[in-house]
Structures are given as C-alpha cells and as structure tokens.
Amino acid sequence: MVERNSVKNNRVKAQKRGPIRYITLLTALFMSGFLLFQIWRSYTLTFQKLEILDQAKEEVEQLRLRNVELVLMSEKVVTEAYIESQARDRLNYAKDGELLYIIPEELLEDPDLNDYIDSLQYGYQPVDTKPPDVLTEWLELFQFGI
C-alpha cells in the first residue's frame with residue numbers, strides 16, 4: 001500500500017508539474033529560436049555593411065584617381081599651347097596663312113570623306129558661282145517642302 005500511495009503521489013506530482021514543464025520547455029525553445037534569429041539577422045546586416053564599405057572604398061579610390069587626373073589637367077590648362085589648341089578646336093580659329101576647313105556632320109558619315117578632303121587639299125576647283133534658277137527653287141519647295 002505504501003508503494004501504491006507513493007506511485008499515486010508521483011503521478012499526481014507529475015500531473016501537476018506537467019503543464020509547468022511544457023510551458024518552461026516551450027519558453028526555452030522560443031527563446032532559443034529568437035536568439036538564433038537575432039544572430040542570423042546580425043550576421044546578414046554585418047555582411048551588407050561590409051559590402052557597402054567595400055563599394056565606398058572602391059569609389060574613394062576612383063575619385064582619388066580622378067582628382068589626380070584633374071590636378072594634372074589643371075596644370076596643363078594654364079599653358080599657352082593648350083589655350084591655343086582649344087581656341088583652334090572649339091572656336092575654329094586659325095593662324096595667318098593657314099586654311100581652316102569646317103566639315104559638316106553629315107559629311108563625316110560619308111564613306112568618300114577622304115576623297116573629298118584630298119580634292120580640297122590637292123586639287124581645289126572653284127565652285128560654280130552662277131545664281132540658282134529661282135523658278136526651279138520655288139517649284140522644288142512646293143513639291144518637296146522644306
């Protein structure tokens with residue numbers, strides 16, 4: 001009988017502890033899962049920040065190189081030869097005794113450009129200077145438009 005009472009008492013105690021044990025176990029599992037999630041989140045954020053840092057380092061390096069190029073160019077820009085070359089290229093200036101050729105953009109796409117330039121340099125032939133026929137010009141305007 002003593003054994004039966006002790007077995008009954010153990011069962012009663014186990015039944016009373018059962019819900020508390022399960023609640024404790026579920027709480028421990030939840031806390032473990034939460035901590036694992038926070039570790040994973042921290043790892044991914046750290047990895048993203050390292051990628052951003054690497055990109056920033058690359059950008060800084062490129063900007064430093066660009067800065068060096070600009071410093072070298074600024075030293076070159078103040079020279080007389082550079083100013084003269086820019087005036088020739090951008091403003092179409094020429095020295096006395098030089099011929100200046102301005103080639104239209106649509107002619108640059110022409111495959112016969114080299115032949116045209118050679119004809120200008122070596123075999124210049126004057127362009128026909130007779131005035132255009134006004135009637136023909138008006139008819140072309142009405143027929144084809146502008």
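Biologist: What makes E84 and R88 a salt bridge?

Modeller: The model is a predicted one, and in it the closest N and O atoms of E84 and R88 are 3.4 Å apart. The cut-off is 4 Å between a side-chain nitrogen of Lys or Arg and a carboxyl oxygen of Asp or Glu, so the pair qualifies.

Biologist: Where do E84 and R88 lie in the chain?

Modeller: Both belong to helix α2 (residues 80-91), four residues apart, about one turn of the helix. An α-helix has 3.6 residues a turn, so residues three or four places apart point the same way.

Biologist: Why are E84 and R88 called partly exposed?

Modeller: The label applies between 20% and 50% relative accessible area. E84 has 34% relative accessibility, so it counts as partly exposed. R88, at 26%, therefore receives that label as well.

Biologist: How many salt bridges does a search of the whole structure find?

Modeller: The search finds two. One of them joins the side chains of R66 and E69, with an N to O distance of 3.4 Å. R66 and E69 lie three residues apart in helix α1, about one turn of the helix.

Biologist: Why is the aromatic pair of F37 and W40 called tilted?

Modeller: A pair of aromatic rings is described by the distance of the centres and the angle of the planes. By the rule used here there are two aromatic pairs. One of these is F37 with W40, at 6.1 Å centre to centre and 35° between the planes. The distance is within the 6.5 Å limit, and the angle falls between 30 and 60 degrees, so the pair is tilted. Both residues lie in helix α1, three residues apart.

Biologist: Which residues form a nonpolar patch on the surface?

Modeller: Y22, L25, L26 and L29 form it, with about 470 Å² of accessible area together. L29 is placed in helix α1 (residues 2-77). At 53% relative accessibility, L29 is over the 50% limit and so counts as exposed.

Biologist: How do you know that helix α5 is hardly covered?

Modeller: Helix α5 (residues 134-144) has eleven residues, and the count of buried ones among them is zero. Just after α5, G145 takes a positive phi of about 85°. Over the protein chain, buried residues make up 3% of the 146 residues. The accessible surface of the chain is about 14400 Å², of which 61% belongs to carbon and sulfur atoms.

Biologist: What does the secondary structure of the protein chain come to?

Modeller: It comes to five helices and zero strands, in the pattern α-α-α-α-α along the sequence.

Biologist: In which helix is confidence lowest, and in which is it highest?

Modeller: Confidence is lowest in helix α4 (residues 113-122), with a mean of 68, and highest in α1, at 85. The protein chain averages a pLDDT of 80, and 76% of the residues score at least 70.

How values were computed:
Residues are numbered from 1 along each chain as its sequence is written. Side-chain values use heavy atoms; hydrogens and water are left out. Buried means under 20% relative accessible area, exposed over 50%, partly exposed in between (1.4 Å probe, protein chains only). Helices (H or I, at least four residues) and strands (E, at least two) are DSSP runs, numbered from the N terminus. Patches are made of residues with over 30% relative accessible area and no salt bridge: like charges are joined within 9 Å, nonpolar side chains (Val, Leu, Ile, Met, Phe, Trp, Tyr) within 5 Å. Accessible areas come from the Shrake-Rupley method with a 1.4 Å probe; for residues, only the protein chains shown count as cover. Rings of Phe, Tyr and Trp (its six-membered ring) pair if their centres lie within 6.5 Å; planes under 30 degrees apart count as stacked, over 60 as edge-to-face and the rest as tilted. pLDDT is the predictor's confidence in each residue, from 0 to 100.
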